[in-house]
Amino acid sequence: MSQRGFTPVARRSVSDEVFAELRDAVLTGRFAPGDSLPPERELAASFAVNRHAVREALQRLQAAGFVRVVHGGGTRVLDVRSSAGLDLLAHLARSADALDPAVLRDGLEMRRCIGVDAARLAAERATPEARERVVAAAGAYDDTTHPDADRAFWLEVVEASGNLAFRLALNSLLHAIDARPEAMEALLAADRADLLPHGPLAAAVATGEAEEAARLADAILCQALDVWASLEAGAGLTGTGAKGA
């Protein structure tokens, strides 16, 4: 039987659940930097799971920079601001109890910085093929069958910049956006609707006008920050994102 049109049902493993609980416990301060987590045996009993699931969750926590597992010496909580990478943004977005609305602002500010410099670099050094892809991506905003036109456009701009660090940082921002879609829909509505057209920006990249490309990118990417400031001023932000998003 054809399964076309069906969306797979997301399932979380036992270790996923344990990981999320422990992650949130660290992010909300139930376990402070320097604290030791309970031994595996105690955690397994508390979660009513086997020790393998706990061990797997602890390994993931260590890989994400939340804890340090010392063989025979327990698990010590780290200061995530000093030990974690950009992927922490996505974890904060997924943790409703730990999400400070200012994190949304921080992510948008980073998005702006990356986008402006990526646009400038793309105009300076993109290949002819990459410039053509940026122009084509800008044209997709008018295509109602392309709901991810905004994402596709900025991915092309960052790719055209040739900066791997920008691309990896953008990946982390996209993971955070996907984890909090209801808030980001309000914040990115103007960008996604092409309120300030992306076509001139694409044209500046295509013709090598670096400073013009940076200026236009800045104007476009400031829209979301303006929305955030407006929501904050009107008390429209809560710990779970933008009110009414």
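Residues are numbered from 1 along each chain as its sequence is written, and side-chain values rest on heavy atoms, without hydrogens or water. In this predicted model, local features require pLDDT of at least 70 and side-chain atom pairs pLDDT 80 or more, whereas totals for chains, interfaces and linings use all residues.

**View 1. The crossing of helices H6 and H9.** The axes of H6 (residues 101-125) and H9 (residues 164-179) come within 11 Å and cross at roughly 145 degrees (lines fitted to C-alpha atoms over the stretch in contact; angles run from 0 to 180 degrees between N-to-C directions). Helices are DSSP runs of H or I with at least four residues, numbered from the N terminus. The contact (heavy atoms within 4.5 Å) includes Gly 107, Met 110 and Arg 111 of H6 and Phe 166 and Ala 169 of H9.

**View 2. The buried residues of helix H12.** In H12 (residues 199-206), Leu 201, Ala 202, Ala 204 and Val 205 are buried (under 20% relative accessible area, with a 1.4 Å probe and protein chains only). These buried residues pack against H6, H7 (128-139), H8 (149-161) and H13. Gly 208, which follows H12, has a positive phi near 75 degrees.

View 3. Gln 223 belongs to H13 (residues 210-233) and counts as buried, because its relative accessibility is 10%. Its side chain reaches the backbone oxygen of Ile 220 at 3.0 Å. Leaving aside residues up to four places away in sequence, Gln 223 touches Ala 190, Asp 191, Leu 195 and Leu 196.

Conventions
Helices (H or I, at least four residues) and strands (E, at least two) are DSSP runs, numbered from the N terminus. Buried means under 20% relative accessible area, exposed over 50%, partly exposed in between (1.4 Å probe, protein chains only). A polar contact is a pair of N or O atoms within 3.5 Å; within protein, one must be able to donate a hydrogen and the other to accept it, and residues adjacent in sequence count only if both atoms are side-chain atoms.
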